[in-house]
Amino acid sequence: MEYVVEMQNIRKAFPGIVANDNITFNLKKGEIHALLGENGAGKSTLMSILFGLIQPDSGVIKIRGKEVKISNPNVANDLGIGMVHQHFKLVHNFTITENIILGLEPKKAKLFVDIKSAAQRIKEVSEKYGLNVDPYAKIEDISVGMQQRVEILKMLYRNAEILIFDEPTAVLTPQEITELMKIMKNLVSEGKSIILITHKLKEIKAVADRCTVIRRGKYIGTVNVASTDEAEMARMMVGREISFKVDKKPQEKGDVILSVENLNVLSNKKVLGLKNFSLSVHRGEILGVAGVEGNGQAELVEAITGLRRVESGKIFLNGTDITNLPIKKRIRSGIAHIPEDRQKRGLVLDYSIEDNMVLEIYDTPPYSKNGILNPAAIRKHAEKIIESFDVRSGKGPEAIARSLSGGNQQKAIIGREIELDPDILIAVQPTRGLDVGSIEYIHKRLVEQRDAGKAVLLVSLELDEIMNLSDRIAIVNNGELIGIVNASETDENEIGLMMAGLRKGERA
Amino acid sequence: MSNLENKPNNQEMEGLTETGKIKKVRIKGNRNLVVSLLAILFGLIAGAIYMLAIGKNPITGYYFILSGGLKNLERIGNTLATATPLIFTGLSAAFAFRTGLFNIGAPGQMLMGGLCSTALALTLNLPQYLFLPVILLGSMLSGALWAIVPGFLKAKFNVHEVVSGIMLNWTAYWIVYYIIPTYFKAEYLETESAMIPANASLKVGWLSSLFQGSFINLGLFVAIVAVVLIAFILDKTVLGYELKSVGYNRHAAEYAGISVNKNIILSMMIAGALSGLAGAAFYVGYASNMQIGVMPSQGFDGIAVSLLGNNTPYGVLGAAIFFGLLHSGKGFMNAMTKIPPEIADTIIATIIYFSATSIFIERMLDALKRRKRGAK
Ligand SMILES: Nc1ncnc2c1ncn2[C@@H]1O[C@H](COP(=O)(O)OP(=O)(O)OP(=O)(O)O)[C@@H](O)[C@H]1O
Ligand SMILES: [Mg+2]
C-alpha cells in the first residue's frame, strides 16, 4: 500500500492540554481522507503540524515514504503540501492572480512581474479542475465560495499534491458545498490526495473514502466510509449515541416580542439590502429565517441589534420603539445576538475567555462596582458558562480566546449570549463549526429558551437546522419577505422554491 | 502594530488564527521579560562589537557608562532625572498601544505641555504648594487637548493618527517657536524663555541637595504615581476594559455596545495628558527654561521605551530608567575613553530593533526549548 503521508505517534502539548496524544494518521495516494473529531479534539493542530505551522513535541512524519522535518510552511510547499485554512488569507484589494502568485512572482527579464503569463497559467489550471475563476477579478468583489477556490488554486499553482482542507464548508452556502464536493472529486481523479476536516457527516459520507476519528487528542480509529454510517461515525467521535432529531414540546405561542415594520436598510454596497420588510416574533417561538446567503439576512439582524442604521421603518421590542436606541440599551432591554462572524464581532481574541464572557455586562454589578472590575465575580461567571457549555481549553477561564479551537470559541459565545437570558435571542448560524454532540446540546438550549416563553430568531443557511428547530419559517429573497410558513406544514421543496423568489400561489 | 486592527481591510488580519497560524498567544509576563532582557543583551553585544571595531575596549567603555550613570548620588540623580520624561512618554505610548493607537504625536503633546507649564510659571506667582499642582494640571490639560485633535480625526473621519500626529508635532513646534520669543523671551537670548522662578520649578532644594545638586526633581515622583495609576486603570477598571476592547477589536466592542469613537478620543486624551506631563517634567523640571527650535526627542523615545517595556506600565518604568542610564552615562564614557557618545544611541537603536522584532527572539527560544527536550 502506498501512503503519501504517514504521521506516526505525533504528540503536541499546549499549556494545560495535550492537543495531540500519540496520533497516527496515514493518507493514501488518490484518496479523500476525512478527519473527524469533537471541537478541540486536535484536528487543526495535527494539520498545522503537517503544514509546518506548529512543531510537534515528538513523532515522525514521512512523506512518500521518506522521513522529513517540516519546520515551516515553505518546506511543506516544497514537499507538495498545500492547505486551505478555515479563515482565508487573501489580500482584499489585490486581483486573484496577484494573490495567487504572491511570494513566487514570475519575472520578465528578471525585473518585472509577468502578470500576463501567470494569469494564463491560472486560467489553464482553473479550467482543468473546473474551478471557473476569473484571474483578473478583485478579491473584495467575489463571493466567499469563489475566494475559497482562489485558495484552492493557490495550492494547485504551487503544484501541491497533498491538499489539506480545514473545515472548508463551514463558510459555504449549500450550493457552494455541492460545487466544492465536485471539485474535490475532480482533484482526486487527477491524482491528488486530500485531507478533509469537517463536522458534517453527510459530507464525509458523500465524498470521503476513509475517515480517521480522534477524540480529546487521542487516535480512536480509521474506518472505510462506504461500510459505515453516520450514526456509527458520530458514536466513535463522541463516545455515545447522538440524536439528530430535536425534541420539541408543542408550542405555546405568546405575545409579540419583537416586530419590525416597513424596514428599509442599506447594504454594504449602498443599495437597499432590506426592502419594506415587516415581521414579528412571538414569545414561545423559534422563528427561522431561510434564504440564500446575502438576501437581506445580515441587514435584518444588524438593524435589529443596532449595528446598522435604518433608513426608514420602525423596530419595536416589547411594544417600545427601539429604532434609534444605542446598542447597549438594546442589549439591556433584552436582545442578545450570536453573531455570524465569531472572530470579527463575537470575541476579543486577545482577551481571556473570562474577560470575553462579560463583554456586554462588565459595567454592571456584580462584575464591577464604582468603575472597578470585580475579578472574582467575572471568574465565577466564566466558570459557569465553561461548565454548562463544555468550553474546552487548556487553561479554562484564563485561556486567551485566540488559543481556543474554532468550535470552542463558538460555544463560548453561545453560552455568553444565552446566559444573558434575553427576551429575544438572535442566533446567526449558531452551530457553524460545531461538532454533532455540541450541535445537539445547543439546539436543546435554544428550544429551552422557547419553552421558557422567550423567543429565538434563527438565521441559518442550513435548511435542515431551520426545519428542525423552527416553529415558523420566514423566507427572504433579494431583501424582501417572500412569505412565512409553518414548519410543520412545509417541506424542503416548498422552501427551496420560495428561496428562489417564488411566492406562494405564483407557482404553476 | 496593533493599530492595524483599525484599518478597514482587516478581515483577514483578525481571521488569521483557527489553524494555529500566527496564534500569537501571549504566554505570561516572565517570557516577555526574558525577551526584553535578551534584546538588551543583544544591544550590549552589538555595542561591544562597534567599540571593538573602532579599536576601543568594550569593557572599559561599559565600565564608564555605568559609572557615569551611577558612580555617586549626583549621577544617580541625573540618571533618574533623564529617565523621568521618558517614563511619561513611554507610558503615553504604551497606553495608546494597549488601546490600539499609535501615539507618534507625543513630541507635540510634550511641547504643548511644556509651553503651558512655562507660560504659567512665568505669568502667575503663587506659593509653591499651589503653584506646582497648577503647573502640572496645566501641562496635562494642554497635552490632552492637543491629543484630542488626532483622536477626533481618527474617530470621525478615520484619519490615521500617525499622519495627524506628525502634522501636529510640527504645528506645536512652530507655535512654541512663535510664542516663546514673543511673550516669554529671556533677558538676552531670542531662542529661549526666561528662567523659571524657583517657586515654579519641579527642582526643589531638599531633593537637589539630597542628590548632591543633581537635576532630579519632583517629576520623578509624579511619574511613579502615574505608572501605578495607569497600571490600575488598564488592568482593574471598567474604563481600561473598554479602552482595551476597542483597541484589540473595535468590531467586537461595537457589537457589545461599547462606544468606539468615545474611547478612541478618550484614549488619545489620556496619552496626551501623559505626554503633557513629560513636557512639565522636562521644561520646568529637568531644564530651567524652554528652548525653541528643538523637537523633544523624548517624545519619540517613548515609543522605544514602551516597546522594550512590552507596553506595560511597570515595564516602561524599568525601560525608561535603563535608557536614562545609557543617556546619562554616555558623556562620561566619551570624556574618559574617547569612545563617541553616539555608541550609546546605537546600542539603544539595536535594542529597539530587537524588541520590535521580538518574534525573532521568541522563535529562537522555542527552538532552544525543543532542542533541549529532544536531547533528553
Ligand atoms: N496556540 C495554542 N495555545 C494553547 N492551546 C492551544 C493552541 N492551539 C490549540 N490549542 C488547544 O488545543 C486543543 C486542540 O485545538 P484544535 O484547534 O486542534 O482543535 P480542533 O480539533 O481543530 O477543534 P475545532 O473543531 O473546534 O476546530 C484545544 O483545546 C485548544 O484550546
Ligand atoms: Mg479546528
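Which residue stands opposite Phe165(A) in strand 9 of chain A? That's Val84(A). Bear in mind that this is a predicted model.

Let's stay with strand 9 of chain A, which covers residues 162-166. On one side, strand 6 (residues 81-84) of chain A pairs with strand 9 in the parallel sense, over four bridges. Strand 10 (residues 193-197) of chain A also pairs with strand 9 in the parallel sense, this time over five bridges. There, Asp166(A) has Ile197(A) as its bridge partner. To get from strand 9 to strand 10, the chain passes through helix 6 (residues 174-189) of chain A, in a right-handed β-α-β crossover.

Strand 9 of chain A is mostly covered, with five of its five residues buried. In a regular strand, side chains alternate between the two faces of the sheet. Here Ile162(A), Ile164(A) and Asp166(A) lie on one side, Leu163(A) and Phe165(A) on the other, and both faces are covered.

Now for the holes. The count comes to two cavities of 30 Å³ or more.

| Cavity | Volume | Lining by class |
|---|---|---|
| Largest | about 80 Å³ | seven nonpolar, two polar and two charged residues |

The lining of the largest cavity includes Tyr255(B) along with chain A residues, among them Thr305(A), Glu360(A) and Glu417(A). Strand 18 of chain A gives the largest share of that lining, three residues.

Helix 6 of chain A turns up again at the second largest cavity: helix 6 and helix 5 (144-157) each supply at least two lining residues. Arg149(A), Glu176(A) and Glu179(A) are among the residues lining this cavity.

Note on methods:
Residues numbered from 1 in each chain as written. Chains lettered and ligands numbered in written order. Predicted model: local features only at pLDDT ≥ 70, side-chain atom pairs only at ≥ 80, totals over all residues. Heavy atoms only, no water. Buried < 20%, exposed > 50% of the residue type's maximum accessible area, 1.4 Å probe, protein only. Pairing = 2+ DSSP bridges. Right-handed = clockwise from strand over helix to strand, strands pointing away. 1 Å grid on protein atoms, 1.4 Å probe; cavity = no way out; pocket = protein on both sides within 12 Å on 5 of 7 lines; lining within 4 Å. Points joined across faces, edges and corners; volume = space filled by probe spheres on them. Nonpolar A, V, L, I, M, F, W, Y, C, P; charged D, E, K, R; others polar.
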